[in-house]
Amino acid sequence: MGFCGMFHPFAEQVLTLKIMRGVQPIESVTAAVKGLHGKLDVLNKILAEQQYMGGKDFSFIDILYVPMVDMLHKAGEGPAFEKRENLRAWWESREQGVLRTG
C-alpha cells in the first residue's frame, strides 16, 4: 500500500464525522483531524522534494488525491492545506489548469 492508501482512510474518517454523520462527540472529530493532519505533514514533506505526488510530472497519483482533497476543503479542512506551503502550491496548481475540480 502506497502513501495514498494511508492518507485516504484518515481523510474518509474526517469526512464521515464532519459531513455524513453530522455532529459527533468532539473527541472523535479531534482525533480524526489530528491523524489527518499528521498525514498532511508527510505529504507536505514529499511535495518539498517534488512538484507532484508521484514525482516531477502530473500523474494518476495526483488524480487519486484531487477528489478527496476537494471534499476535505468543503468540510472545512482548507486551512490545514493552506498552512502547509507545498500542499497549498500543489492544490493551487489546479487553478492554473494542471489540476481541475468540479
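Modeller: Searching the whole structure turns up two salt bridges. The term means a side-chain nitrogen of Lys or Arg within 4 Å of a carboxyl oxygen of Asp or Glu. The model is predicted, so local features need pLDDT of at least 70 and side-chain atom pairs count only at pLDDT 80 or more, while totals for chains, interfaces and linings use all residues. Residues are numbered from 1 along each chain as its sequence is written, and side-chain values use heavy atoms, with hydrogens and water left out.

Take D41 and R84. Their closest N and O atoms are 2.7 Å apart. D41 sits in helix α2 (residues 26-49), and R84 in the loop between α3 and α4 (85-92), so this bridge ties together parts that are 43 residues apart in sequence. Helices here are DSSP runs of H or I with at least four residues; strands are E runs of at least two; both are numbered from the N terminus. The two partners differ in cover. R84 is buried, at a relative accessible area of 6%. D41 is partly exposed, at 37%. Buried means under 20% relative accessible area, exposed over 50%, and partly exposed in between, with a 1.4 Å probe and protein chains only.

The K74 and D70 bridge has an N to O distance of 3.1 Å. K74 and D70 are both in helix α3, four residues apart, or about one helical turn. K74 is exposed, with a relative accessible area of 61%. D70 is buried, with 14%.

That brings us to α3 itself. It covers residues 60-82, 23 residues in all. The expected span is 1.5 Å times one less than the number of residues. Where does α3 kink? At G76, by about 115°, shortly before the proline P79. The bend at a residue is the angle between axes fitted to the seven residues ending there and the seven starting there.

Compare α2. It has 24 residues and spans 35 Å from first C-alpha to last, close to the 34 Å expected. Buried residues of α2 include V29, V33, L36, L40 and L43, along with K39 and N44.

Back in α3, the buried residues start with D62, Y65 and V66 and continue through M68, V69, D70, L72, A75, E77, G78, A80 and F81. E77 is worth a separate note. It lies in α3 and is buried at 5% relative accessibility. The C-alpha atoms of E77 and A11 are 10.0 Å apart, though 66 residues separate the two along the chain.

The largest nonpolar core holds 25 residues, with F7, L40, L72 and W90 touching the most other members. Eight of its residues come from α3, the largest share. The elements giving two or more residues to this core are α1 (3-20), α2, α3 and α4. A nonpolar core is a set of buried Ala, Val, Leu, Ile, Met, Phe, Trp, Tyr and Cys residues joined through side-chain atoms within 4.5 Å.

Now the surface. F58, F60, I63 and L64 make a nonpolar patch of about 380 Å². F58 belongs to the loop between α2 and α3 and is partly exposed at 34% relative accessibility. Patch members have over 30% relative accessible area and no salt bridge; like charges are joined within 9 Å, and nonpolar side chains (Val, Leu, Ile, Met, Phe, Trp, Tyr) within 5 Å. The areas come from the Shrake-Rupley method with a 1.4 Å probe, and for residues only the protein chains shown count as cover.

L17, in helix α1, is buried at 7% relative accessibility. Its C-alpha is 9.7 Å from that of V33, 16 residues away along the chain. N86, in helix α4, is partly exposed at 23%.

Finally, the whole chain. The secondary structure amounts to four helices and zero strands, in the order α-α-α-α from the N terminus. Of the 102 residues, 39% are buried.
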